[in-house]
Structures are given as structure tokens and as C-alpha cells.
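Here is a brief report on salt bridges, nonpolar cores and a pocket. Look over the structure before reading on.

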Amino acid sequence: MAAHDIEKQPAAAAEAGAPPAKGPGASGGFVDADAQLVRADRLARKLSARQVQMIAIGGTIGTGLFLGTGKSLATGGPASMLTSYIICGAIVYVTMLSLGEMAAFIPVAGSFCTFAGRFVDDALGFALTWNYWFNDAVSTASDIIALQLVLEFWTDNFPGWAISLIFLFVVIFLNVMSVKVYGEIEYWLSLLKVVTIIIFIILGIVVNCGGNKDHTYIGNKFFYTGEAPFVGGIGGFASVFVTASFAYGGTESIAITAGETKNPSKTLPRVVRNVFWRIVLFYIVSIVLIGLDVPYNYPGLSSKTTATSPFTIVFVEAGSTVAGSFINAVIMTSVISAANHALFAGSRLLYTLAVDGYAPRVFGHLNRFQVPWVAVLATSVISGLCFGASYIGAGQLWSWLQNIVGVSNQLSWLFIGVASLRFRAGIRHQNLEHLLPYKNWTYPVGPIIAIVLNAVLILVQGWSCFSPSFHAVDFVSYYIELPIMFVMFVGWKLFKRTKFVRVDQMDLITDRYNLAHIEGEDADLAHGALAAEARGFEAETSEEKGGGFLARFKKEEKGLFGKVKRVGMWLFF
């Protein structure tokens, strides 16, 4: 916490003769020292900016990119896949700007789910939090199932459920340990994924230019093979959006780390500004190369029982079985990383549900590392779905789960936009815009466009389950989230008789990272000398702990070496 958070200075506040706050909307004066200002901030803030940035990348670069692109290519063709990923990327970019603005101001573990309840309607917060918790629990299950698909590259004799069970226990262990351990492991796994994608991009260009088994220039011929570039017509094109949404899903969950991030008002805006552009770079360039190097009708690309990663196919096409095994092993670590991240996010949401009174209090219990261990175990129970894969077919079950998660992501993005519009309305009404650590430059047009696009995609992307014939199970996987969300929203609204939150009643104080201001002046500025001293002490401490090397490395240098070094720092730090 900052050196001058108000809950740490009740005496000082009393001496200043500060008047008490008049209610949740009365955030214009000094905050009452006796008020309960911190409700959900009991988790350990041990995630550094370095770890948070890599977790943001690692949370999205996983099964959606490494395996989901295979399904997109097989069902929609290269042009449909590229178009859908660009559109979804634009939606997610605006969503991240909106979310970063809110999370930097009120950094809590519940993130946008908490914001929906606080700025729109408590019933919406209830429904969205349970929906997103289920999203993360199912994501963990789908990632564990994806391990079975990755394993089939080497052998189909090893029981799939065994590999899922082994790594499920590994992921659970990592999540009940200190969040610092989680952050460090996730950092290195994410770094491995980033390096692998860079290698893939280079190799993909080489393969396309003739460095393949046939020693022939490929060019764009796979864009016009068979039904390509748009495979399956409008149905194939529409169905790719849910796969793209599954792939980008997790970008928004970086805000869930806000409750355990050091100095979130500065770290989160930096993450939002930088990380998404890296993700777009990795995704869009990789997808272009996949469309160029892999035909949509490649055997085993996507079926009920198998799913081969296009990344593995490109490495194999380079003429090296060893290279194929290497990338498959990396994909396996990436899947584990994705499951690790999904379980982390899901457990924090279940913890938030308990703290906010939406779930039994037992899920709010913390261990000695300040980790919600009961929530971790409860979220991991959903991953028992992985044992059904042996009966249904891992490929088919993974596709259904992918649809459910993709639609859930779109619902979350839609309501983040709604919460963002209400948040800014409340901020403006209570004259607090000058305190925003970060502002969404696309407001209000960006959130409105994102809301409309998400609503359209949610309704039309299930086109393929109606044509040429109706597929009941596919229909359920595309649309089951909608009635569930509606019933939970209406049920909680009727049960608790909640009301739409008015801008003058909006709580913009509770859990705010910088909890006080005087006459429009930040409390930290009012105690500028002490704050500067604290910052100096922190800088000295970081030098003593080994931060000196990184600081020296960040110093500007001229010439070619300086430019290369700055690019490296932008990519990895």
C-alpha cells in the first residue's frame, strides 16, 4: 500500500479534524478515518510489475492460440480466421482501456465483476462474477483436457486422464503457495512462450519461402485451396468468432491481479498500454503465417478425437521431427501455464464472491500466504470434466468447452463496456476525474462500439448449429450462457430487491488505492516530503535486492546496440 493510505493514519486524520463522509456518493471531502474503506484488500501484494506484465501475456497465449487456431482454420479458412482475430483484437483493446481505467482507480481482486455491481446494479455484479468464475473453472478444465490432445502427437497408448490428473495436482499446488511463487513461475513460462512465438514467426517465414520438406515456395497458394479463403460460407465465418474470443480470453483477467499487485495505480496503466500491443503483434503475425503455411484441410487439424497444433505442423514442415517434438513440448508447458492462470483468476473471483456475500464465507478463508486456498480447491473441482474426455472424445469435449468459454468472454467484455460508461458518469458527477491515474482515450465511443459488436457476435456466431441442420449439443454450447446469466440476474434482483445504481450514490471510495484527497489535492501530495522519502527508500531497497542490474540495464545508450536493447526491454520487461 502507499505510504499514506488513510486506513493506516486514523490518528492523523482525527487531528486534522476531518469531517466524516456523508455516504458512498460523498467522496469530495476528506475520508472518515473510522470508515470501512478497505473491504476486499486482504490479499498479499507481492506481484511485481515485471511479473504482472508477463502474466498478462501468458494468460492469453495458451491453448487458444496454439490449438484453437487449428479449429478456426479448419472451420472458417484463413481469411475468416484472420478477419475474426482482427475484429476481436480491436474489441479487446477497447475493453482493456476501459478496464485499466477502472482497475487503476479501484484495484480489487474481483475487478470488473465488482465494478459491475458497484457502478451498474448489484444483481449484475452477482451474475457476472458467477459467470466469470464458471468461465475460469471451465477454462482450467479445457486446458487440462488440451494436454491429452498435445500428448497424442507422441503416443495414443498413454491414458489421457492420467496426464490430466498429474498436471491438475501440479497446478493446484502452485496456486496454494505464495502468490510470489505463482508469479515467478508464470513469468518464466510466459517468457518461454514469447520466445517460442518469435522463433515460430522466423521459421514460418522460412518455411513459406521454400525452407520446407518439398523445397518449394508456398506463397499464398493455401489461401486459394479448395473452399478457401472463406470456408463454410457465412456459418464458417461466424463460428470462428467464438474461437477467437476463446483465444483472446484472459486478457481482461489481468485486472484480477490488481488485488495482489504492488502499486497498481502505476503498474496497471503501464500493463494496459504495453501488453496488448505485444499480444496483437504475436497473434496477428502468427495467424497470417499459419494461414499461409498450413492448408485448412490438413489431416488431423481438428476432429472429434484429435486436434493438432498448426505451430507443430509448421515445425514439422521445416523438415525436422525433433523440431516438431520441441514445439509440442513447449505447447504442453504453455497449456499448463494457461491452466495455472485460469485457476488463479477463478479462485480470486470465488474469494471475491465470498467477501461480497455472494457465496459462502468459507471460500474467503486465506492460508498463511494470504492465498484463498479453499477457493482454489473448489474451482479445481470443475476440472473433473477432464475424465469425461475418454468417453466423449477429447477433441469434441474441448470444442464444446471452448464455445462456452468464448461466449462467456464476450459477455464479460460487453458488461465491462457498460460498467465503464457508468463509472465515468459517476466520476464526472462527483468531480473526481482529476484523480484518475489512467484515462480511456476512446471514451465514450470505444465502449459503445465494443458493446454493440459483442452483442451482435453473441447472437450470430452460432449460425453453424442451425445450418444445414440443427445440432442440439452445439446450440447448447453456444447459447447456454445467456439464459444462465439472465436467470441469475433476475433471481438475485428479485431476492435482494436491488436497484440500478445512481451516479450520486455510486461508491467511489471503498477499496480505492489512494483513499483520500483534500480539496481536490491528493493526500500523498499533501504529505509530499514523506512520500518522496518513502519512494527514495523503496528505490534503495530495490537496488539492494538486485534491482540495480536492471536499473543499469535500462539506462539509455546510443547507436544500434542501444536500439536493440530498448526493443528487448520492451518485449520482455
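## Salt bridges

A salt bridge here is a side-chain nitrogen of Lys or Arg within 4 Å of a carboxyl oxygen of Asp or Glu. The model is predicted. Six salt bridges are found in the whole structure.

Glutamate 317 and lysine 213 form one, at 3.9 Å, N to O. This pair links distant parts of the chain, 104 residues apart. Glutamate 317 sits in helix α11 (residues 310-317), and lysine 213 in the loop between α8 (179-208) and α9. Lysine 213 has 46% relative accessibility, so it counts as partly exposed.

Arginine 428 pairs with glutamate 433 at 3.5 Å, N to O. Arginine 428 is partly exposed because its relative accessibility is 45%. Aspartate 504 is partly exposed, at 35% relative accessible area.

## Nonpolar cores

The largest nonpolar core has 80 residues. Tyr85, Phe200, Tyr248, Tyr283 and Phe311 touch the most other members. Helix α4 gives the most to this core, ten residues. Another core lies apart from it, with 54 residues, including Phe415 and Leu436.

## Second largest pocket

The second largest pocket has a volume of about 460 Å³. It is lined by 23 residues; closest to its centre are Lys71, Thr75, Ser464, Asp474 and Tyr478. Elements giving two or more lining residues are α4 (68-105), α9 (233-248), α15 (394-429) and α17 (472-479). The largest share, five residues, comes from α15. By type, the lining holds 14 polar, six nonpolar and three charged residues.

Conventions: Residues numbered from 1 in each chain as written. Predicted model: local features only at pLDDT ≥ 70, side-chain atom pairs only at ≥ 80, totals over all residues. Heavy atoms only, no water. 1 Å grid on protein atoms, 1.4 Å probe; cavity = no way out; pocket = protein on both sides within 12 Å on 5 of 7 lines; lining within 4 Å. Points joined across faces, edges and corners; volume = space filled by probe spheres on them. Helix = DSSP H or I, 4+ residues; strand = E, 2+ residues; numbered from the N terminus. Nonpolar A, V, L, I, M, F, W, Y, C, P; charged D, E, K, R; others polar. Core = buried A, V, L, I, M, F, W, Y, C linked by side-chain atoms within 4.5 Å. Buried < 20%, exposed > 50% of the residue type's maximum accessible area, 1.4 Å probe, protein only.
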